[in-house]
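Open the model in your viewer and keep the selection tool at hand. We will go from stop to stop, selecting as we go.

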Amino acid sequence: MHHSVIKPNSWVALKLPSGVTRVIQVTPNTSISLGKYGTFPANLILERPYYLTFEVQDKLPEESFSRLRVVPPSELYADVFAEEDAECANPAAGPGSNNDAVIATAAGEEFSLVDAESGNVIARSTQEVIDENARQKLTQAEIEELKRDGTNAGKDVIAKLLLSHAALDQKTSFSLSKYKLLKTKKYIRRFQVLPIDVPTFSNWQLEERDASKILDIRAEMMGLVGCWGNVHYGGADVFLEDPKATTEQGEEALAPLQEDLLAGRWLVVDDTGGLLVAAMAERMGVLYKEDDETEEAAEEEEATEKAEEETEPKQESDTTSQKDTEMIDGQQQAATSETTTLPRHPKRPRDNKPRDSDFAVPFSQTNTITVLHGASQPNLSFLNYWNFDVTAPQHPPHPLLNHLLTLSWLQLLKPELDTSYSTPPLTADPETLSTWKPSRRGNFHRKRRRYARVRHIVDSTRAGNFSGLVCASTMDPISILKHALPLLAGGAPVAIYSPSLEPLATLADCFSVARRTAWNSGHVAEIQGKTAEELEKWEGSEQFPLNPTLLLGTSIQTSRARRWQVLPGRTHPLMTERGGADGYIFTGWRAKPAEGKIAAKGKFKRRKVEESVSTPASA
Amino acid sequence: MTDAMTRPTVSPFLEPGLRTKPRSLAILQLSRDNLLPIYLQEASGEHDGYAEGAVVNTRYGSFPHSTMLNVPWGSQIRASKVDTGSRGRKRKRGPKDDASRDDAEENQPETADNNDTEATGVKQAVADDSGFIHVLPPTPELWTQSLPHRTQVVYTPDYSYILHRIRARPGSTIIEAGAGSGSFTHASVRAVYNGYPSSAEDRKGKVFSFEYHEERYHKMKKELTDHNLDGLVHLTHRDVYNGGFLIDGKSPEADAIFLDLPKPWEALPHLSRRKPQTQAKEGEDTAAEWVSPLNPKKAVHICTFSPCIEQVTRTVSAMRRLGWVDIDMVEIANRKLHTIRDRVGLHYQTDRGVNVSPHDVEEALERLAEIEERVREQAARPRGAGEDGAEDADTVMKNGDDAAKKDNDKTSAEQPPFQTPWVDGRLITKGEPEIKTHTSYLVFAVLPREWTEEDEAAAFAKHPCGKEKAVVGSIDKQTRKKERREQLQKIGDRKARRKERAEKIAEAVE
């Protein structure tokens, strides 16, 4: 069960009153600073539940740190409750609530004026333009002083600001609540801790970081891509047997591919820095480590180990200022130079299992994600937020290790040109091996292991029969489908996301009715005499960039969530929302076309067929 | 059910395999948006009067099940020549249209009148010369498009977003009320599926579904069995407003909740961590221990699905009183887009979807100039006696226009422009003719897990404070500078040490 409580060294999102989200790693025995909202020890949120709202309290005189207080929901909604109660009661009944949680000094005074009016509100909402700065009697210096000395998690400041506002009595309840909200956002020292899961992370990346890095993919589109790609848990893990190859044996000793074991595999092209892969891994149940209570001790040990190795994406963390980044770079340098002096991989005493041979395939045959990448290394850096580093050679246990396969387009299409695929593995007899230095021996095994891994990835990918294709790429979708379509099993769904419509429209046009009928009519000269297999691997021509009969039910759609504010008497859609790229998805299913000429039934269609038959033939 | 034993154990929705299987659900795609769910049957003799066994008849032809069995999913299936005419009638149909059939087959329907015993006598299907369909593996998306409607359906744009937001993941437990037509049920099963439970204690991802309407409950129950989802969906016939969400008095320990009910606020009090005060008033059973249906160790996500804004207001108000946080209301607008080739131009022949008018100013200009030319020619021609004299400028103009058109047609007839409707014209996108502008309002919220004083004390004991070494997050300038200085110092130290060591080694070598 994951995300039960905040685990040490996990990444979390801190939601601040201003609406800003900060993503940080909760390292034990550090202080977390929220800027003007205060500083508190990280240990105070460790092993506490997610989604609670905490308030940074004033330091007790005998303590060196600020304690936290869990804010109960009754306090969070105090304003709304007061309003609801006032609405229920007679508007003339005067101050409705004596609720301490409502931010006010005492009932009466300026507030009573407003409260009495709350029944008839619209009367003068438009008449006065209240210049908040001009009407605020407290000077900036006084406010600063209040902030410094102010106690009670900023509530005092807000109450004083409200009281000293000269025009408060002229404000309607609408403008009053707006003013109060504004001040609350600015001064109240509260925050909420959210787990870094795919929805939270992508939202943060989209709204507050660089949306273009994740191709502007919104939650709506993420949901659609996952569903139309039918991405789900693909069956219990199945591992190939260890071929127990000795070090003298070469490629002949590789574990043979067993195609009938392969199931529940998805093909991905991801240019969102790993977010799409993370979303798929989440849907397939391989993104989060299970955190059992019993495992805790082991985990902590790992975590410290990991902290030493320092593979975390420090550059990605929420340090906005240049200086911060510099500092972190420095830290990283320090850390890496430290680790080089340490013995890197202390053997784990817990493992009593005999070591797998070099040619043992570490990947499951089911429930896997195969990533095709255009560069020589996949860019999956966002997976670091889930403590997975695709580049780490020796990785602490993570479910993605056995379920994430990556290969380049070169390895897929021209494996003979890829060195790591085509170079035969090193061999050595045990005697020579024992004479080598440990580092050379380590290298030898590492290379052999990599060779077996690459061979397995490439060969199993080329075997095809994938359960689906999911794509969010900057590459031309036509070129992707040209090579990916033959790899899909019959009936497998295709879901392609694009921030803009045009590439998908061009793609959908490749599967237009006109193209399909012409293709099926048997009068397209280029495809005459080709076998079904050749047509499946159709290289593309100017007129037919893709074999139009390989995809069924192609369709383009877009979704948009419109957010609403729901408050008593003030329910309406939000006034502004994120613009920019809308995002579209293209969907379809892989078809297995019948061999030979095939015509649709029905008069209208037949006429059309004849028409398209005659013209190209005369050309 | 006798064949329950022989059924494939895993639902075709979850692991369809590579080929179609008998007695399993398949979705036939007749045309673009015309889907037909069907349970494929092995041919075991005549079925319903068809010699080929069970047959699907559509406007695109007849398809015996035998032609769709054990083929790869996604296969294009040719229509078969099936004798639909003489079905049920006894003789007298005579061998009139038997050109393509041999005699043995032709006789089959007649001899096999009551042939339950003649299991072997299944007629081989003969391919027709036109007509085809595709056979697809069932997915929640296809099922949503093709399921028998019992209530308003939760469509893919909504449920995909909902499942994403309520964190439905492999291994989660979901409460769903009401089950309705089952589209959300199927989608949520796929989301939480992480294997079938091997025993009653084995906790796997599961959907606890509640349906008030008895008839719908029974239909749904059968559907779940047919789809092999029995171990993954627990369907209960209950009014949740009064009955709550416990299963035999025990908590389903839900991680996420989806309420598609007319009055979500009446169900919400049952979904609390502790007995809510509103219920406490009702009285007698206060002594009995109140059990929460929620997972005590996790924050619970909820989504309610209501078409009216008044429902939303009441739901949100109830949620606030019950301690739900992060309340967020959205509505989803989904648009489908079609791509078409927009063909405009004078060189096209009149055809469906073609606009024979100038496609740009140049073409218009060319044609106008041509017309003018003709008019001038006509005017320059010496006037004959009679008929021409009456002609006014307008008719000349009109004739000219027609002639130009004719001329155009002629040139195209002589040298037909290469007409390929799939590359001609400009590629454009259009919205579908009718769009769903409102489905329902979605209210999302989270209920954090309970946190008591004792829990806090235990956590504080485990992670005591006061030994903070560094500051994370936004730190003030001074601290940042100090930390930077320390770091540089460290690196400097290390460099110095390394230098020292190198010098020592150099000395030793010498």
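H18 covers residues 477–484 of chain A and H19 covers residues 502–509; they pack at an angle of about 45 degrees, with their axes 9 Å apart. Helices (H or I, at least four residues) and strands (E, at least two) are DSSP runs, numbered from the N terminus. Each axis is a line fitted to C-alpha atoms, for helices over the stretch in contact, and angles run from 0 to 180 degrees between N-to-C directions. H18(A) and H19(A) are therefore oblique to each other. The cut-offs are these: under 35 degrees is roughly parallel, over 145 roughly antiparallel, 65 to 115 roughly perpendicular, and the rest oblique.

A word on the model before the next stop. It is predicted: local features need pLDDT of at least 70, side-chain atom pairs count only at pLDDT 80 or more, and totals for chains, interfaces and linings use all residues. Residues are numbered from 1 along each chain as its sequence is written, chains are lettered from A and ligands numbered from 1 in the order in which they are written, and side-chain values use heavy atoms, with hydrogens and water left out.

**Into the core**

Which residues have the most contacts inside the largest nonpolar core? Select Ile45(A), Phe191(A), Leu383(A) and Trp386(A); the core has 126 residues. A nonpolar core is a set of buried Ala, Val, Leu, Ile, Met, Phe, Trp, Tyr and Cys residues joined through side-chain atoms within 4.5 Å. Buried means under 20% relative accessible area, exposed over 50%, and partly exposed in between (1.4 Å probe, protein chains only). Helix H10 (residues 275–284) of chain A gives the most to this core, with 8 residues. A second, separate core of 41 residues includes Ala255(A), Cys510(A), Tyr584(A) and Phe586(A).

Center on Leu383(A). Leaving aside residues up to four places away in sequence, Leu383(A) touches Gly274(A), Val277(A), Ala278(A), Leu287(A), Phe388(A), Leu400(A) and Leu404(A).

Follow H10(A) along its length. Is H10(A) mostly covered or mostly open? It is mostly covered, with 10 of its 10 residues buried. Among them are Glu282(A) and Arg283(A). Step just past the helix to Gly285(A), which takes a positive phi of about 75 degrees.

**Across to chain B**

Select helix H9 (residues 219–228) of chain A and helix H3 (residues 156–165) of chain B. They pack at an angle of about 105 degrees, with their axes 8 Å apart. H9(A) and H3(B) are therefore roughly perpendicular to each other. On the H9(A) side, the residues in contact include Met222(A), Leu224(A) and Trp228(A); on the H3(B) side, they include Pro157(B), Tyr159(B) and His164(B). The residues of this contact divide into 8 nonpolar, 4 polar and 1 charged.

**Backbone stops**

Most residues other than glycine have a negative phi, and most peptide bonds are trans. Look at these exceptions.

- Asn29(A) has a positive phi near 60 degrees. Asn29(A) lies in the loop between strand E2 (21–25) and strand E3 (30–34) of chain A.
- Asn228(B) also has a positive phi, near 60 degrees. Its loop runs between helix H5 (214–226) and strand E9 (233–237) of chain B. At 17% relative accessibility, Asn228(B) counts as buried.
- Ala177(B) and Gly178(B) are joined by a cis peptide bond, with omega about -15 degrees. Gly178(B) sits in the loop between strand E7 (173–177) and helix H4 (183–192) of chain B.

**Last stops**

Select Gly17(B), in the segment before strand E1 (25–31) of chain B. Gly17(B) is partly exposed, with a relative accessible area of 45%.

Zoom out. Chain A has 22 helices and 15 strands, and 53% of its 619 residues count as buried. Chain B has 13 helices and 16 strands, and 43% of its 510 residues are buried.

Terms used
Contact = heavy atoms within 4.5 Å. Nonpolar A, V, L, I, M, F, W, Y, C, P; charged D, E, K, R; others polar.
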